[in-house]
Amino acid sequence: MKTLEEKLGVTIPTILDSEEALNFFTEQAAKYKVKCPEPVTNARLIDKLVGHFIETECIQPTFITDYPVLISPLAKVHREHPGLTERFELFVNCHEVCNAFTELNDPFD
């Protein structure tokens, strides 16, 4: 999320699944003409913005790490960073070649 904040030049709302965050991400998507098909959700908007601003710059092998819990519901919560997950994706020449995460194995997490 830090990289997305840097690319947008703004501070992203702390609570990602809030109405405030939905309005924020909707405004950012509209501002940069990033399309998000229905249903428009916070998770989908984040994914589209990351795709537009970050994934398109991953020419050399690049790992995108520590996804928000909101968009990675089957991944374990990060051990050191609440709100993030232990997940990464590898991109090469703007294409995802690997998607991996520490699998959630406790039904109460």
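Where is the place of Asp 66? Asp 66 is in the loop between S1 and S2, two strands of a sheet described below.

**Basis of the report**

This is a predicted model, in which local features need pLDDT of at least 70 and side-chain atom pairs count only at pLDDT 80 or more, while totals for chains, interfaces and linings use all residues. Residues are numbered from 1 along each chain as its sequence is written, and side-chain values use heavy atoms, with hydrogens and water left out. Helices (H or I, at least four residues) and strands (E, at least two) are DSSP runs, numbered from the N terminus.

**The sheet**

Three strands form an open sheet in the order S1-S2-S3, with antiparallel pairing; two strands count as paired if DSSP finds at least two bridges between them. Strand S1 (62-65) and strand S3 (95-101) stand at the edges with a single partner strand each, so one side of each is left without a neighbour in the sheet. From one strand to the next, the twist averages 20°, where axes are lines fitted to C-alpha atoms (for helices over the stretch in contact) and angles run from 0 to 180 degrees between N-to-C directions.

S1 pairs with strand S2 (residues 87-92) in the antiparallel sense over four bridges. Thr 62 has Phe 91 of S2 as its bridge partner. S2 and S3 also pair in the antiparallel sense, over six bridges, and Val 92 stands opposite His 95 in S3. The hairpin of S2 and S3 has two residues between the strands. In a regular strand the side chains alternate between the two faces of the sheet.

**The helices**

Helix H2 (residues 19-31) has 13 residues, which at 1.5 Å a residue should span 18 Å; its end C-alpha atoms are 18 Å apart, in agreement with that value. The expected span of a helix is 1.5 Å times one less than its number of residues. The buried residues of H2 are Ala 21, Phe 24, Phe 25, Gln 28 and Ala 29; buried means under 20% relative accessible area, exposed over 50%, and partly exposed in between (1.4 Å probe, protein chains only). Seen down the axis of H2, these buried residues fall within an arc of 130°, so they line one face of the helix. The arc is that of the directions from the helix axis to the C-beta atoms. An α-helix has 3.6 residues a turn, so residues three or four places apart point the same way.

On the other side of H2, the exposed residues are Glu 19, Glu 20, Glu 27, Ala 30 and Lys 31. The buried residues of H2 pack against helix H1 (2-8) and helix H3 (42-53), contact meaning heavy atoms within 4.5 Å. After H2 comes Lys 33, with a positive phi near 55°.

For H3, 12 residues at 1.5 Å a residue should span 16 Å, and the end C-alpha atoms are 16 Å apart, which agrees. Asn 42, Leu 45, Ile 46, Leu 49, Val 50, Gly 51 and Phe 53 are the buried residues of H3. These buried residues pack against H1 and H2.

**Loops and individual residues**

| Residue | Relative accessible area | Class |
|---|---|---|
| His 78 | 16% | buried |
| Asp 66 | 25% | partly exposed |
| Leu 104 | 26% | partly exposed |
| Asn 93 | 47% | partly exposed |

His 78 lies in the loop between S1 and S2. Its side chain makes a polar contact with the side chain of Asp 66 at 3.4 Å. A polar contact is a pair of N or O atoms within 3.5 Å; within protein, one must be able to donate a hydrogen and the other to accept it, and residues adjacent in sequence count only if both atoms are side-chain atoms. Leaving aside its neighbours within four places in sequence, His 78 is in contact with Asp 66, Leu 84, Thr 85 and Glu 86.

Asp 66 has a phi near 55°, a positive value in a residue other than glycine. Asn 93, in the loop between S2 and S3, likewise has a positive phi, near 50°.

The peptide bond from Glu 38 to Pro 39 is cis, with omega near -5°. Pro 39 is found in the loop between H2 and H3, whereas Leu 104 lies in the segment after S3. Leu 104 and Pro 39 are 65 residues apart in sequence and 26 Å apart in space, C-alpha to C-alpha.
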